[in-house]
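Keep the sequence and the structure side by side as you read.

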Amino acid sequence: MAKDNSENGAIETRVTSSHWGAMEIDVQDGQIIAARPFHKDPNPSGIPAAVPAAVHHDLRVKQPSIRRAWLNSRDRAGRGDGDYVELPWDEALDIAAAEIERIRQEHGNQAIYGGSYGWSSAGRFHHAQSQVHRFLNKIGGYVSSFGSYSTGCAQAIMPHVLGMPFLQYTYDCQESWQSIGENADTIVMFGGINTKNAQVSMGGVTEHDTADWFAKYADKGIRFINIGPQRSDGIEGSEWIPCKPASDTALMLAIAHVLESEGLSDHEFLNKYTTGFDRFRPYMMGEQDGIAKTPEWAAPLCGVDADTIRDLARRMARGRTMITTAWSLQRAEHGEQPYWMSAVLGAMIGQIGLPGRGIGYGYGAIGGIGKAMKPMQGMTFDQGHNPIKYFIPVARIGDMLRNPGGHYEFNGETKTYPDIKLIYWAGGNPYHHHQDLKELHKAWQHPDCVIVNEPWWTATAKRADIVFPATTPYEREDIGRSGMDNYLFHMPALVPPQYGACDDYDIFWGLAQRLQAGQAFSEGRSSGDWLGHLYQGYVDKAQSAGIDVPDLDELRDRNWVELPIVQEEYVPTLLAKFREDPEANPLGTPSGKIEIFSETIASFGYADCAGHPKWLPPSEWLGSADEQAPLHMVSPQPGDKLHSQLEAALQDNEGARPETLVINAVDAAARNISSGDLVRVFNSRGACRARAKVSEDILQGVVALPTGAWFGDAQDNIDQNGNPNVLTLDVGTSQLGQGCSAHTALVNVELLAD
Ligand SMILES: Nc1nc2c(c(=O)[nH]1)N[C@H]1C(S)=C(S)[C@@H](COP(=O)(O)OP(=O)(O)OC[C@H]3O[C@@H](n4cnc5c(=O)[nH]c(N)nc54)[C@H](O)[C@@H]3O)O[C@H]1N2
Ligand SMILES: Nc1nc2c(c(=O)[nH]1)N[C@H]1C(S)=C(S)[C@@H](COP(=O)(O)OP(=O)(O)OC[C@H]3O[C@@H](n4cnc5c(=O)[nH]c(N)nc54)[C@H](O)[C@@H]3O)O[C@H]1N2
Ligand SMILES: [Mo]
């Protein structure tokens, strides 16, 4: 942009993209003075308001910083004590490069963990994770990670059931909102469909239209049934069936039992399109273990009475039904089971593959799901080849650091944890996202060195040995484009790099040069050259797909363009084609059908994930609650922000921290707690402060504490800010999925003096 203007007092406004949607940003005298949602967005998120203060905040990492004790004596135990030495870029890069080299020489590249999970920022080129992966690949590779915190468990289980990668199912194979609206009349939502979560999407969604679809459905009389612990998980007007967290599989089994015993299951569908119902049925009917999975059996487990379950089953069988399952259900111990079981339910109802009906996962979890878009190839920065074959399921980082050389099971294989000497993180905040932070912190002492690129002094940056200050997207030029959106953005450098910040690309280039990989990393291109190169590749692909996009100069000029890729007419999904002709279009499972029983999974011999879905209570849930920890804590995504991002500014808002804990009125009264009171949330793993919000809209026995508050100073052993991960359980979902179990945690709450 023309910085000249903005430097003489004039206000200049440009649009840029973010994970929470496009924003219009006002710049004056080299400062961002305001950020508003893009004018084309019908339901914008409130997140942009925090951008100006965050970008210029005093909590920016200002210079390359090295932890004094590590610099002096390579200390590993004091991570988190906050005493850093600021060094010039050249010196800090020399020290980091020398340490990387030492570790490569002494231990090999399999001692470097570069999974570097996290959302970082929108923008196709300056994508921190791609940058760190490319850098590490060019110096000989790194231990990588599989899956995400979002859907790691689903990514492992669902290919066994539906025969395709879970994310392919999610993005390419789900019914569109339009098709659901036209064809369904009953939408049964396990975990709800959360419009607050639909504000966000990887790379951004420009027109947040999820809420509008619901308004249209409501006008048509479509019925929404929200099953879960919180009324607010369903859109307004939904019927709410309160259900205990982690008990959905029991409820689903009971619905299945009703379908089968009342002759409502679609055996024609089961015979033609599925395999293994005969192996599952005896378990469900109680012929195998003597326990019939009836509504009376499920009622005390899930807290839904037997008549309601029966009625629900009948409505699902008679209606034109879409069953949706939120991602949250698989972010819990045994999260494989409700995912698998909801597919079995869908199959028993027999509507899978019909337009707008059947099964869906993660609608509303992020904004783009359900948006019908013509496929168009994107822009991705080539990460190169990783010769190191070691990887971990992403949420097993604590176990890996604790058990070098240890064995563990993952999806049918026995694997070994590598011995990590160096962690390099760019674009993520493990001290926000990982479970059981106190245990993580102990494990974090294991490596010789931790390097982090970060714009702000997050909890993770504060626990690194070397911190490189990274620019934010407002300080560098980039392109914004998401496969789930119909807009394309030029993201201008709105303000100069703040303090001493550098782009991730230049940080890695500086390191690569010192490690004799400068040319391999850069291929002789500056970041400006790379942007042009990536964009040209995109233009070429768009042209061959018959879609007209402007060249880079024109895009710079126009700032944003709307792409003509919204899909108006119905396109049959892979499941629709499978339904049409299962012989010609088999699924990618061993049987070519939906697997209600999986020989493959059965052959793994896992007690925590058998050959068919089962009710397996987790180690912590209301069924195992006791006096010490009587309440189930769910830790949903924050409604007012993206994870821990922009927290530097948000935590300055009056009353914003500690984070708000939603507690049921009966539980609050028993503890003499009123709305606005300061409370202590605690269990045997840790404790944090929170601000109580007393509500009738959460099931008794359940509390909800959103994620995202920066793990703060643990004064008196209490996290002052309210990060739920001081309380959560760090176990894999099962030996099969090894996903994160964030929603599995029992806690207690008590009043704190203000
Ligand atoms: N208890 C509990 N825990 C959870 C969950 C839960 O439901 N409950 N959910 C989990 C899920 S689904 C997720 S996805 C994770 C999210 O966890 P994360 O993705 O780790 O969270 P973010 O706050 O988005 O972290 C991104 C970091 O990147 C930084 N960043 C932004 N732009 C740049 C850049 O250009 N360069 C660099 N170097 N850094 C940048 C940001 O400042 C921020 O610190 O949390 C997980 N944790
Ligand atoms: N505003 C905003 N939106 C976001 C994000 C953000 O940080 N901010 N993060 C994004 C990311 S990375 C992801 S992965 C998605 C996550 O999307 P989801 O996984 O769908 O979201 P959550 O908010 O974790 O959970 C939704 C609800 O599930 C309910 N729930 C928890 N456990 C259970 C259970 O056992 N059974 C039932 N029936 N319900 C349960 C809780 O009441 C919770 O409010 O959200 C995305 N959207
Ligand atoms: Mo996520």
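This is a predicted model: local features need pLDDT of at least 70, side-chain atom pairs count only at pLDDT 80 or more; totals for chains, interfaces and linings use all residues.

Residues are numbered from 1 along each chain as its sequence is written, chains are lettered from A and ligands numbered from 1 in the order written, and side-chain values use heavy atoms, with hydrogens and water left out.

Start with the annotations. The unreviewed UniProt entry places "domain: Molybdopterin oxidoreductase N-terminal" at residues 16–56. That stretch is 12% helix and 34% strand, and its end C-alpha atoms are 17 Å apart. Helices (H or I, at least four residues) and strands (E, at least two) are DSSP runs, numbered from the N terminus. The annotation "domain: Molybdopterin oxidoreductase" from the unreviewed entry covers residues 60–513. Here the chain is 36% helix and 16% strand, with 26 Å between the end C-alpha atoms. For residues 631–745, UniProt lists "domain: Molybdopterin dinucleotide-binding", again in an unreviewed entry. This span is 9% helix and 23% strand, and its end C-alpha atoms lie 8 Å apart.

Now turn to ligand 1. Where does ligand 1 lie? Domain 2 (65–146 + 378–482 + 493–558) and domain 4 (622–751) both give residues to its shell, so ligand 1 lies between them. The domain bounds come from an automatic or database domain assignment. There are 34 residues around ligand 1, and His433, Glu454, Asp504, Ser644 and Gln645 come nearest. A residue is near a molecule or strand if one of its heavy atoms lies within 4 Å of it. Helix α17 (430–433) and strand β18 (449–454) each supply at least two residues of this shell. By class, the shell has eight nonpolar, 22 polar and four charged residues. Ala, Val, Leu, Ile, Met, Phe, Trp, Tyr, Cys and Pro count as nonpolar; Asp, Glu, Lys and Arg as charged; the others, Gly among them, as polar.

Polar side-chain atoms reach nitrogen atoms of ligand 1. For serine 635 the distance is 2.9 Å. For glutamine 637 it is 3.4 Å. For asparagine 725 it is 2.8 Å. Taken alone, ligand 1 exposes 910 Å², and the protein buries 99% of that. Accessible areas come from the Shrake-Rupley method with a 1.4 Å probe; for residues, only the protein chains shown count as cover.

Ligand 2 comes next. Its shell draws at least three residues from each of domain 3 (152–374 + 571–604) and domain 4 (622–751). Of the 32 residues around ligand 2, Asp233, Ala246, Asp248, Arg331 and Lys641 come nearest. The shell has 15 nonpolar, twelve polar and five charged residues. A polar side-chain atom of aspartate 248 lies 2.7 Å from a nitrogen atom of ligand 2. Lysine 196 places a backbone N or O atom 3.1 Å from a nitrogen atom of ligand 2. The protein covers 98% of the 920 Å² of accessible area that ligand 2 has on its own.

Local features remain. The structure holds 39 aromatic pairs, counted where ring centres of Phe, Tyr and Trp (its six-membered ring) lie within 6.5 Å; planes under 30 degrees apart are stacked, over 60 edge-to-face and the rest tilted. One of the pairs joins tryptophan 177 and phenylalanine 214 edge-to-face, at 5.5 Å centre to centre and 65 degrees between the planes. Tryptophan 177 lies in helix α8 (residues 177–183) and phenylalanine 214 in helix α9 (residues 210–220), so the pair ties together parts that are 37 residues apart in sequence.

The peptide bond from arginine 657 to proline 658 is cis, with omega near 5 degrees. Proline 658 sits in the loop between α25 (647–650) and β25 (660–664). Serine 120 is not a glycine, yet has a positive phi of about 35 degrees. Serine 120 belongs to the loop between β6 (112–113) and α5 (128–138).

How values were computed. A polar contact is a pair of N or O atoms within 3.5 Å; within protein, one must be able to donate a hydrogen and the other to accept it, and residues adjacent in sequence count only if both atoms are side-chain atoms. UniProt positions are given in the numbering used here, feature names are shortened, and annotations may be inferred rather than shown by experiment.
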